[in-house]
Amino acid sequence: MTGAPVLYTCAGSRGFRATWAAEEAGVELELELLPFPPRYLAPEYLEQNPLGTVPLLVDGDVRMTESCAIAHYLATKEGFTPLAVAPGQPDYAAYCDFTYHADATITFPQTVFMRFALFEKDKGFEEAGYAYAKWFWKRLVKLEQRLEGRKFLCADRFTVADICCGYALMLAERVGLDEGVPEPLKAYRERLKDREGYRRAQVRESAGPAAI
Ligand SMILES: N[C@@H](CCC(=O)N[C@@H](CS)C(=O)NCC(=O)O)C(=O)O
């Protein structure tokens, strides 16, 4: 134990938002890489997080289970870094909005698609899964419009909002949801993947069993 915050996660899961934010912010972070899904393959993890979900961040008495909140926390816990937008700075509201938008509005239909159309397709809900795929594609409109004429979502720089929304676009590519992703968003995703911090985070997570 180093005293650094510990992130319990599975490679490629939403915890990647936190792994990536730590790399970009230069914050020390210990990774505990679990097999996916931990609720079945690492049941002892339920003692740490009764939800059974990843990620979980443990930082002293702090325990957090929301990937986007963890990414923001890591970018600000030692003082605001350029990776976050502070109250009073331009685009603070947009920064909050897109950081929350990422999981609540974009990743939500993706996960229902994954469950019905991929993981449990033998249960007869495959068609419903594809309806969620369409819903996901429709919901990309806000990102697409925001990025017209912009390189990044907020404050003319790369922030946690890009990490959180960018992860959803990366997940789309991995799980077969790319067909309805507009070309400008694919180009944005490539710009994000070209970052050193992204590559370092990928290398760190590649030490664990592949998850999603
Ligand atoms: N809103 C949470 C969702 C966490 C979540 O559901 N994570 C998925 C992996 S990406 C998970 O742990 N699934 C396994 C399960 O529910 O058993 C976040 O953004 O961190």
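**View 1. Helix α1 passes helix α7 in a right-handed crossing.** Right-handed here says that the near helix is turned clockwise from the far one by less than a right angle. This is a predicted model, where local features need pLDDT of at least 70 and side-chain atom pairs count only at pLDDT 80 or more, while totals for chains, interfaces and linings use all residues. Residues are numbered from 1 along each chain as its sequence is written. The axes of α1 (residues 16-25) and α7 (residues 160-174) come within 10 Å and cross at roughly 145°; axes are lines fitted to C-alpha atoms over the stretch in contact, with angles from 0 to 180 degrees between N-to-C directions.

**View 2. A look at who touches whom between α1 and α7.** From α1 you get Phe16, Arg17, Trp20 and Ala21, and they meet Val160, Ile163, Cys164 and Tyr167 of α7 (contact: C-beta atoms, placed from the backbone, within 7 Å). Sorted by class, that's seven nonpolar residues, no polar ones and one charged (nonpolar: Ala, Val, Leu, Ile, Met, Phe, Trp, Tyr, Cys and Pro; charged: Asp, Glu, Lys and Arg; polar: the others, Gly among them).

**View 3. The shell around the ligand.** Ser13, Arg14, Pro37, Arg39, Gly52, Thr53, Val54, Pro55, Glu66, Ser67, Cys68 and Asp103 surround the ligand, each with its C-beta atom, placed from the backbone, within 6 Å of it.

Notes
Helices (H or I, at least four residues) and strands (E, at least two) are DSSP runs, numbered from the N terminus. Two residues are in contact if their C-beta atoms, placed from the backbone, lie within 7 Å.
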